[in-house]
There are 2 protein chains.
Amino acid sequence: MMVDETLHGLVERRLREVSQRYTSGRKAVVEVLANAGHPLSIEDIGELAPRLPRSSAYRHLVDLQQCGVVRRVAANDDYYRFELAEDITEHHHHLMCTLCGKVIDVTPTPAFERAMANYLDDLSTSNGFASIDHRLDVLGACATCRQRKLAATAGCAG
Amino acid sequence: MMVDETLHGLVERRLREVSQRYTSGRKAVVEVLANAGHPLSIEDIGELAPRLPRSSAYRHLVDLQQCGVVRRVAANDDYYRFELAEDITEHHHHLMCTLCGKVIDVTPTPAFERAMANYLDDLSTSNGFASIDHRLDVLGACATCRQRKLAATAGCAG
DNA sequence: ATTGAACTGAGACTCAGTCTCAATGTAAGA
DNA sequence: TCTTACATTGAGACTGAGTCTCAGTTCAAT
């Protein structure tokens, strides 16, 4: 596992704050999420940590969400995904492929985040809404699916 | 119901394209969504159209999604919401109150949408991702909940 | 070593959402 | 108008992702 030790230290501290322990099961969940680098479904987690029972995995995810280590992501299909919280990784957006369901992380450009900050200010003044966080999901076709589609079309033509 | 007739005409056309009828049950769902002006949960729909059985409501929502009239929205709680598709209403973002769960629609400023368009172009060139649609959800506290919280704090202090 | 509290796995359970089926509505041709 | 073929409907059974329970285990602190 190529996860630097500060991650585990941070997670342990957050769990300790609510009198919880950083056990091997929870560590397994955190490592799997950290190594993936993109949101994982419960199915993904089950495959990457096969010794971890489903019920424990769910419970760990709940605990880790409650102490701010994990965030749940609603993808475009019927399954939630899970990722490390943004203050542990970094702020990012999601590209969601409507063909294969995959979720890809992207870091926004500074220019766009500046525009976003301005916009959130506008919202606060016009709607009295105090924004804490935002999430931007871009729906479309990933590079792999686009190529696959092109290949299929070429095959039909030939 | 203050829904202009073009909406119903449009929905009927879309259903007809897939050999389906615009029946009273489907019309009830569309009217409820149109009048609400913000995404509704199945519970909301049940309250606003009490004569409509749950199983029929779900089925209508599926049918209407398939012909592009309705869109499913993942809120911040455990329940999906439903709204009319953006090409029927207009492009908008969601303010999601993390305290009461309410979802509020907002129309983006032109400046922000310009920034968004540029950003999506960037993504397409840097990731090979062909974006079709995007959704921006802003999480925070709505005006009502903020006031309630202020009042509660004042009450404690006094 | 003892004790109290957190943790765990297995599997029962919940309930939002889907499916089935028998009955009904409806457009269109004879 | 009658018939026919097919879309629609309500009721309720069913599915399965996610939760809860419980009995046994591990841990940290004394």
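Colleague: Which rotation, and how much shift along its axis, superposes chain B on chain A?

Modeller: Two copies of a chain are related by a rotation about an axis and a shift along it. Here a rotation of 180° with a shift of 0.0 Å along the axis brings chain B onto chain A at an RMSD of 0.0 Å, where copies are superposed by least squares on the C-alpha atoms of residues with pLDDT of at least 70 in both. That is the relation of a two-fold axis. Leu136(B) is the residue of chain B that comes closest to this rotation axis, its C-alpha lying at 2.3 Å.

Colleague: What should I keep in mind about the model and its numbering?

Modeller: This is a predicted model, in which local features need pLDDT of at least 70 and side-chain atom pairs count only at pLDDT 80 or more, while totals for chains, interfaces and linings use all residues. Residues are numbered from 1 along each chain as its sequence is written, chains are lettered from A and ligands numbered from 1 in the order in which they are written, and side-chain values use heavy atoms, with hydrogens and water left out.

Colleague: How many aromatic pairs are there over all chains?

Modeller: Rings of Phe, Tyr and Trp (its six-membered ring) pair if their centres lie within 6.5 Å, with planes under 30 degrees apart counted as stacked, over 60 as edge-to-face and the rest as tilted. The whole structure holds 3 such pairs over all chains. The pair of Phe112(A) and Phe112(B) is tilted, because the centres are 5.9 Å apart and the planes stand at 40°. Tyr119(A) and Phe112(B), by contrast, form a stacked pair, at 4.1 Å centre to centre and 10° between the planes. Ring pairs link Phe112(A), Tyr119(A), Phe112(B) and Tyr119(B) into a cluster.

Colleague: Are Phe112(A) and Phe112(B) buried or exposed?

Modeller: Both Phe112(A) and Phe112(B) are buried, a term for under 20% relative accessible area, with exposed over 50% and partly exposed in between (1.4 Å probe, protein chains only).

Colleague: Which residues are closest to DNA strand C?

Modeller: A residue is near a strand if one of its heavy atoms lies within 4 Å of it. Of the 18 residues that surround DNA strand C, the closest are Arg21(A), Thr23(A), Arg26(A), Ser56(A) and Tyr58(B).
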